[in-house]
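Have the sequence and the coordinates open beside you.

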Amino acid sequence: MRRAAVVGAGAVLALAAVAVTSAEESAAAGDDAEARPMPDFLGRGLWRVFTRLPRRTRLDVHDVSGRDRRVLWPPSWQVCTQYPAAGTGLDRRTTVMIGVVRKGESCPPRVQSARR
């Protein structure tokens, strides 16, 4: 029970940090109606995804290792796949899909061959 409380508190702190960072970026850039280009996240940490995307972006994060693990602590995961591709314009209707594995693991071969 104690471990679950620590993990839950850590997840809340991580989400609070993301919210503060996103709010600062949004205030600096303004909520433009223009589509912003999708950054290239392949091979980088999942934390970068949370800090670089606009705060209202719909985000779907999933484990591509085949183990169907939950992503509870973003700093311990790395990006293997992303949709849309880097440079594509993002608007409010776009859902960003990110495939991840734990840091230190390699992306599965089926995922590597699917990249363009």
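Which residue in β5 does H62 stand opposite? H62 faces G99 there.

Before going further, a word on the ground rules: this is a predicted model, where local features need pLDDT of at least 70, side-chain atom pairs count only at pLDDT 80 or more, and totals for chains, interfaces and linings use all residues. Residues are numbered from 1 along each chain as its sequence is written, and side-chain values use heavy atoms, with hydrogens and water left out.

**The sheet**

Three strands form an open sheet in the order β2-β5-β3, with mixed pairing. Strands here are DSSP E runs of at least two residues, helices are H or I runs of at least four, and both are numbered from the N terminus. Two strands pair if DSSP finds at least two bridges between them. The two pairings look like this:

| Strands | Sense | Bridges |
|---|---|---|
| β2 and β5 | parallel | six bridges |
| β3 and β5 | antiparallel | six bridges |

**Strand β3 and Q78**

Five of the seven residues of β3 are buried, so the strand is mostly covered, where buried means under 20% relative accessible area, exposed over 50% and partly exposed in between (1.4 Å probe, protein chains only). Q78 belongs to this strand. Its side chain reaches the backbone oxygen of E105 at 2.9 Å, a polar contact, that is, a pair of N or O atoms within 3.5 Å; within protein, one must be able to donate a hydrogen and the other to accept it, and residues adjacent in sequence count only if both atoms are side-chain atoms. Leaving aside residues up to four places away in sequence, Q78 touches several others, including R44, L46, G99, V101 and K103 (contact means heavy atoms within 4.5 Å).

**The disulfide**

How many disulfides does the rule give? The count comes to one, taking a disulfide as a pair of cysteine sulfur atoms within 2.5 Å. The sulfur atoms of C80 and C107 are 1.9 Å apart. The torsion about their S-S bond is about -95°, so this disulfide is left-handed. C80 sits in strand β3 and C107 in the loop between β5 (95-102) and α3 (109-114), so the pair ties together parts 27 residues apart in sequence. C80 is buried at 0% relative accessible area, and C107 is buried at 10%.

**The nonpolar cores**

A nonpolar core is a set of buried Ala, Val, Leu, Ile, Met, Phe, Trp, Tyr and Cys residues joined through side-chain atoms within 4.5 Å. The largest has eleven residues, among them M38, F41, W77, L90 and I98. α2 (46-52), β3 and β5 each give two or more residues to this core, and β5 provides the largest share, three residues. A second, separate core of five residues includes V64, C80, V101 and C107.

**An exposed glycine**

G66 lies in the loop between β2 (58-63) and β3 (77-83). Its relative accessibility is 62%, so G66 counts as exposed. The C-alpha atoms of G66 and P108 are separated by 8.6 Å, although these residues are 42 apart along the chain.
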